[in-house]
Amino acid sequence: MKASDEDSGAEREPLAHEFVVGSAHAGERLDRALAALAGVARAQAQRWIEDARVRVNGAPARASQKLAPGDRVLADPPAPAPSELAAEPIALTLLHEDDALAVIDKPAGLVVHPAPGHAGGTLVNALLHHVRDLAGIGGVARPGIVHRLDRGTSGVMVVAKTDAAHQALSKQFHDHTIQRVYVAFARGAPAQDEGRIERAIGRHPTDRKRMSIVTKRGRAAATRWRVLRRFPKSGAVKLEIRPETGRTHQIRVHLAAHGLPLLGDATYGRAAGGAFTSRLARPALHAAVLGFVHPTTGETLRFEAPLPADLAALEATLASAERGA
């Protein structure tokens with residue numbers, strides 16, 4: 001994952017963002033809509049607005065102003081500030097790499113980007129070691145990061161290596177055109193073999209580190225699930241999960257609320273699984289498939305990551321119990 005000598009010394013110019021507001025963002029606050037459309041954090045969109053770098057229909061904009069269909073939003077972000085993050089030689093499992101992006105198989109336990117309590121040892125630190133010109137793409141604190149997997153979730157992730165790739169991939173995630181398939185192990189015995197959960201998700205009213213099902217001020221969320229294998233003696237199931245939206249902790253919250261808490265999830269599952277997850281140090285969730293359109297070539301790509309050793313061992317233990325071994 002090495003930048004060419006020709007590119008490494010060049011200063012990257014920020015790309016302007018220009019959007020025409022559609023029905024999906026009509027009536028929405030400018031800062032919230034801009035963050036979604038540009039694929040950046042809402043705080044970053046607000047900074048652009050405060051610095052007079054955003055105009056709506058050619059006029060100065062306010063973060064709280066509501067957008068109407070057909071409004072033209074133009075954002076002119078500043079040049080990326082030098083990253084103060086340290087590059088670290090952390091090994092990465094590459095599934096694919098080209099000039100625009102890299103696809104990795106993230107191990108469970110690896111935090112994606114620095115945060116309080118995790119100043120180093122993150123995926124971002126590893127990326128800065130492997131990609132020399134990455135700093136600044138998508139924001140100083142999260143260079144190259146297009147989407148996120150929880151620390152305890154393993155599986156396929158795509159990382160942008162250019163601003164143009166970051167914008168194009170972020171739009172695909174926002175438009176829900178990305179193919180995402182997860183494999184999960186949960187406690188429960190659903191009466192049906194498949195189903196769809198559609199319940200709004202928001203911050204827990206008393207524990208701000210958790211998400212929960214909320215009826216007011218929650219964000220719409222939908223998750224499809226299908227039983228892949230049943231383990232009746234253990235009271236567990238192996239599920240295929242296809243999230244239709246991308247809310248924080250969506251799969252874990254939806255399944256727990258549906259009576260199918262993930263094995264090993266102490267936050268939402270109350271340590272679901274008992275003896276079968278005594279050696280499982282994280283929720284039994286794996287991002288198995290990621291498919292998207294390449295931002296440069298237009299080719300449809302699909303990547304798969306096999307079950308990691310801990311989840312493969314969990315499945316073997318559950319299967320052995322069914323055989324009475």
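The following conversation goes through a predicted model of a protein, from its overall make-up to single residues.

Q: To start, how many helices and strands does the protein have?
A: This predicted model contains seven helices and 15 strands.

Q: And what share of the residues is buried?
A: The protein has 325 residues, and 46% of them count as buried. Its accessible surface comes to about 16,100 Å², with 50% of that belonging to carbon and sulfur atoms.

Q: What about contacts between residues at least 6 apart in sequence: what percentage join residues at least 24 apart?
A: Among those contacts, 65% join residues at least 24 apart.

Q: Let us turn to the open sheet of four strands. What is the strand order?
A: The order is S1-S4-S2-S3, and the pairing is antiparallel. Strand S1 (17-20) and strand S3 (59-60) stand at the edges with a single partner strand each, so one side of each has no neighbour in the sheet.

Q: How do strands pair in general?
A: Strands of a sheet pair through backbone hydrogen bonds, and the pairing is either parallel or antiparallel.

Q: How many bridges join S2 to S4 here?
A: Three bridges join strand S2 (residues 54-56) to strand S4 (residues 72-75). Within this pair, Val 54 stands opposite Ala 75 in S4.

Q: Which strands does helix H2 lie across?
A: Helix H2 (residues 30-38) lies across S1, S2 and S4, and it runs at about 110° to S1.

Q: Now helix H3. Which of its residues are buried?
A: In helix H3 (residues 42-50), the buried residues are Gln 44, Ala 45, Trp 48 and Ile 49. Viewed down the axis of H3, they fall within an arc of 145°, so they line one face of the helix.

Q: Why would residues a few places apart point the same way?
A: An α-helix has 3.6 residues a turn, so residues three or four places apart point the same way.

Q: What do the buried residues of H3 pack against?
A: They pack against S1, H2, S2 and S4.

Q: Changing topic: which residues touch the most other members of the largest nonpolar core?
A: That core has 28 residues, and Leu 123, Tyr 182, Leu 239, Ile 241 and Leu 255 touch the most other members. The largest share of this core, five residues, comes from H4. Apart from it lies another core, of 18 residues, including Leu 30 and Ala 75.

Q: Is Leu 255 buried or exposed?
A: Leu 255 counts as buried, because its relative accessibility is 0%. Leu 255 lies in helix H6 (residues 250-257).

Q: What does Leu 255 touch, leaving out residues up to four places away in sequence?
A: On that basis, Leu 255 touches Ile 197, Leu 239, Ile 241, Leu 260, Pro 261 and Leu 262. With residues up to four places away again left out, the contacts of Leu 239 include Tyr 182, Trp 225 and Leu 255.

Methods. Residues numbered from 1 in each chain as written. Predicted model: local features only at pLDDT ≥ 70, side-chain atom pairs only at ≥ 80, totals over all residues. Heavy atoms only, no water. Pairing = 2+ DSSP bridges. Helix = DSSP H or I, 4+ residues; strand = E, 2+ residues; numbered from the N terminus. Contact = heavy atoms within 4.5 Å. Axes fitted to C-alpha atoms, helices over the stretch in contact; angles between N-to-C directions. Buried < 20%, exposed > 50% of the residue type's maximum accessible area, 1.4 Å probe, protein only. Arc of directions from axis to C-beta. Core = buried A, V, L, I, M, F, W, Y, C linked by side-chain atoms within 4.5 Å. Areas by Shrake-Rupley, 256 points an atom, 1.4 Å probe, with all protein chains shown as cover.
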